[in-house]
Amino acid sequence: MAGPSQIRQRKANSPLQPTNDTVQDDEHASEVYQDPRNRNHIEKLLETPQASIAIVSLLTALSFALRFYKINAPDEVVFDEVHFGKFASHYLRREYYFDVHPPFAKMLFGLAGWFVGFDGNFQFESIGDSYTTNHVPYVGLRALPAILGSLTIPVVYAIMKESGYSTVIAAFSAAIVLFDNAHVTQARLILLDAALIFFMSLTIYAYIRFRKLRYREFSTDWWTWLITTGVFMACTWGAKVNGILTVVAIGIAVLIDLWDILDINKNPSIDYFWKHFWARAVGLIVIPFIVYLAFFYVHFSVLIYSGPGDTFMSPAFQETLLGNEMLLNSQGKEAKSSNLTGFADFRLLSEIRFYDTVTLRHKESKVFLHSHIERYPLTYEDGRVSSQGQQVTGYGHNDTNNHWQIIPTKALPETGRGRVVRHNDVVQLLHVNTRSHLLTHDVASPLMPTNQEFTTWPKDDHSRHNDTLFQVVLLEGHEGQAWKSKSGYFRLIHVPTRVSMWTHNKQLPDWAFNQLEINGNKNPTEKTATWFVDNIIADENGEDPAERDGKAPNKEPKSMNFFKKFAELQLLMLQHNAGLTASHPYASSPINWPFLLSGISFWTQSETSKQIYLIGNLIGWWTCVVALSIYVGVLGADLLARRRNLDPIPDPARNRLWNNAGFFFIVWGVHYVPFFLMNRQLFIHHYLPSHLASALIAGAVLNFVLSETINYPISIQGPSTRLRPSQYSDIGIKGPIILIIFSIAMLSMFIFISPLTYGTPGLDGDTVNSKRLLSTWTLHFAAKKTGEVV
């Protein structure tokens with residue numbers, strides 16, 4: 001950096017005259033006299049193409065090694081693999097699903113699953129489910145993000161090299177991401193963040209290549225990198241909903257670029273501005289939107305069968321799916337389209353009739369209404385007394401104790417449509433195995449004293465008949481509307497007390513086999529008290545209800561305009577993403593993220609004391625925080641100095657800080673600041689794109705600290721460009737020494753935390769305590785600290 005003796009007064013500004021010559025003014029380099037003979041020979045060696053290739057090859061090899069190391073461990077479902085692995089299954093089974101994220105990265109998982117022979121039958125139901133037992137080729141699925149995460153490292157290196165930084169500085173930024181435990185954890189599991197970060201880094205790289213061609217505007221190369229930027233930007237957005245922030249970051253950079261082009265002193269003709277405007281509109285708006293649309297076109301083309309996502313969509317949308325109950329409005333056997341075979345069969349929609357035996361399922365938790373002969377304990381842990389009635393619970397698996405028969409409370413005709421259950425009908429539910437009616441009464445439920453207990457009452461005892469009466473209220477139902485399976489969402493309202501049958505996610509104690517509690521919610525219109533009939537087991541004669549109306553003909557799905565389907569899904573994605581406001585034990589505030597104050601428990605195994613805890617490399621993250629602080633401080637101090645007509649920073653270094661590192665700072669801020677405005681669940685992995693950007697800033701700051709000069713020129717010379725004197729970054733031997741020391745420190749910290757990254761080996765309590773470098777980290781299996789007894 002410039003010393004006090006080098007601070008100089010700025011010359012008075014003179015009026016600029018328009019000129020047709022293009023001056024290479026991206027760095028405004030003043031004349032710098034450097035003698036290449038005085039340059040350290042190690043530095044000169046590292047700047048050769050051969051050395052650069054060798055170093056990036058080493059970084060890439062290390063990246064693959066760290067991300068593929070023990071990728072088969074654990075052989076169980078980890079964290080959000082329950083979601084994104086399941087979505088891959090749906091693509092392979094071609095079943096429609098709904099998710100808040102765009103489909104591109106999930107389609108890549110489906111493609112990877114097909115490539116490694118995954119049949120999609122494993123459903124990724126719960127964290128801890130065994131892959132090995134179920135013969136799932138999970139390593140092939142995990143290999144996709146591992147490859148993308150590994151390739152991110154050479155892209156980071158290339159970003160810095162294309163930005164004009166030396167090999168040492170480029171390797172420094174790459175090392176921050178290479179040895180980061182959080183990036184490695186995310187990249188070796190079936191998660192979306194590796195794809196998001198990979199395509200984000202490619203977008204940054206492509207945009208820098210485009211900007212370097214600004215003196216050769218509208219050339220073939222210029223158009224190529226403009227369109228490439230747009231395509232990678234669409235891939236980033238298509239990988240995860242957070243990718244829209246990358247679109248915003250590039251948009252801000254483009255607006256700044258267009259504002260500069262609009263300057264009449266540089267470009268007198270407004271037509272010249274409009275040519276650039278429309279070129280960027282095509283390359284960075286039209287083409288990315290077409291690519292983004294293409295992801296959804298493929299998504300809709302693949303997912304042609306009814307699946308778990310049907311109920312989120314409108315009836316018109318559902319009727320485009322094979323086997324959907326909205327399409328098939330009569331009782332029938334399982335049917336399959338004659339021209340689309342080899343995937344899934346689907347039961348047709350059926351109207352529910354009195355005396356049918358059915359299974360009832362909660363819409364949100366998907367548990368079945370269940371009962372068994374065991375009874376509630378006389379007293380609960382808090383001293384409250386129960387009715388000691390038969391337990392009614394929510395159970396997550398198929399079981400004959402889930403079977404309930406619908407009993408009428410009015411006279412019925414012998415045959416015909418009068419035996420169909422309709423909106424607002426009052427019924428009794430008979431538990432088939434114990435021959436007892438569902439009942440609720442003014443007794444507090446086991447877990448919620450404010451809610452009513454659900455139990456059953458013997459069928460032949462009519463003394464409490466009124467307490468067994470329930471009204472079937474169809475959602476958005478109208479008078480006379482038939483109750484139907486699957487799509488017939490309803491609330492079950494107790495007639496005497498007007499509570500609605502409800503469940504929640506808290507488990508009952510061991511005396512109820514840790515099943516979910518069913519209770520009476522005093523809000524009869526509670527949205528989460530929504531149920532549906534999952535299946536009709538038998539009619540009143542105990543026979544298959546599929547036969548009562550004869551076999552229904554196969555029905556071809558209806559068509560719906562692609563853009564209508566796209567618009568409907570986009571709106572639902574936005575609504576549900578904004579609705580993710582429920583609390584989570586590992587949610588964290590954005591202000592904590594850069595400092596690594598908390599992480600996320602991804603997976604635990606009690607028998608072996610193994611765990612995966614998402615946390616970053618403290619050395620790398622805190623280095624980035626320091627670099628960000630220095631960067632903001634230097635720019636602030638420079639602004640103040642220039643107000644006093646002083647130039648403490650040489651023009652080339654200043655302009656590199658503002659133009660190039662400033663772009664990185666925009667990327668960092670756009671991917672970070674918006675989370676402060678979001679009222680939804682937030683986790684530390686949301687900061688990973690900003691962390692990559694901060695690694696780029698850290699490299700730029702290190703270059704500024706070590707050298708007063710920069711590598712110049714870096715932009716491609718145009719046909720009429722008037723060149724400024726060239727110069728090179730002179731970081732000396734200090735740069736390689738700092739890189740080596742920093743890399744060793746990063747690697748040491750990585751290895752120290754690696755048991756939490758790879759989930760192996762298991763750690764005893766004292767070792768877990770030693771890994772908890774910050775008291776705010778919530779690690780499992782930690783030993784309790786005991787005070788010394790005197």
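**Helix geometry and packing**

Me: What span should helix α10 have at 1.5 Å a residue, and what separates its end C-alpha atoms?

Reply: The model is a predicted one. Helix α10 runs over residues 244-261 and has 18 residues.

Me: Which helices do the buried residues of α10 pack against?

Reply: Buried here means under 20% relative accessible area. In α10 that holds for L245, T246, A249, I250, A253, V254, D257, L258 and I261. Their packing partners are α8, α9 (220-239), α11 (270-302) and α15 (651-670).

Me: Is α5 roughly parallel or roughly antiparallel to α8?

Reply: Helix α5 (residues 138-162) packs with helix α8 (residues 193-211) at about 25°, the axes being 9 Å apart. Angles under 35 degrees count as roughly parallel. Therefore α5 is, relative to α8, roughly parallel.

Me: How many nonpolar residues are in the contact of α5 with α8?

Reply: From α5, the residues that meet α8 include L148, L151, V155 and I159. On the α8 side, I197, F198, L202 and Y205 are among them. By class, the contact has three polar and two charged residues, and its nonpolar residues number 14.

Me: What percentage of the residues of the protein chain count as buried?

Reply: The secondary structure of the chain comes to 18 helices and 18 strands. The chain has 790 residues, and the buried share is 54%.

Technical notes:
Residues numbered from 1 in each chain as written. Predicted model: local features only at pLDDT ≥ 70, side-chain atom pairs only at ≥ 80, totals over all residues. Heavy atoms only, no water. Axes fitted to C-alpha atoms, helices over the stretch in contact; angles between N-to-C directions. Helix = DSSP H or I, 4+ residues; strand = E, 2+ residues; numbered from the N terminus. Parallel < 35°, antiparallel > 145°, perpendicular 65-115°, else oblique. Contact = heavy atoms within 4.5 Å. Nonpolar A, V, L, I, M, F, W, Y, C, P; charged D, E, K, R; others polar. Expected span 1.5 Å × (residues − 1). Buried < 20%, exposed > 50% of the residue type's maximum accessible area, 1.4 Å probe, protein only.
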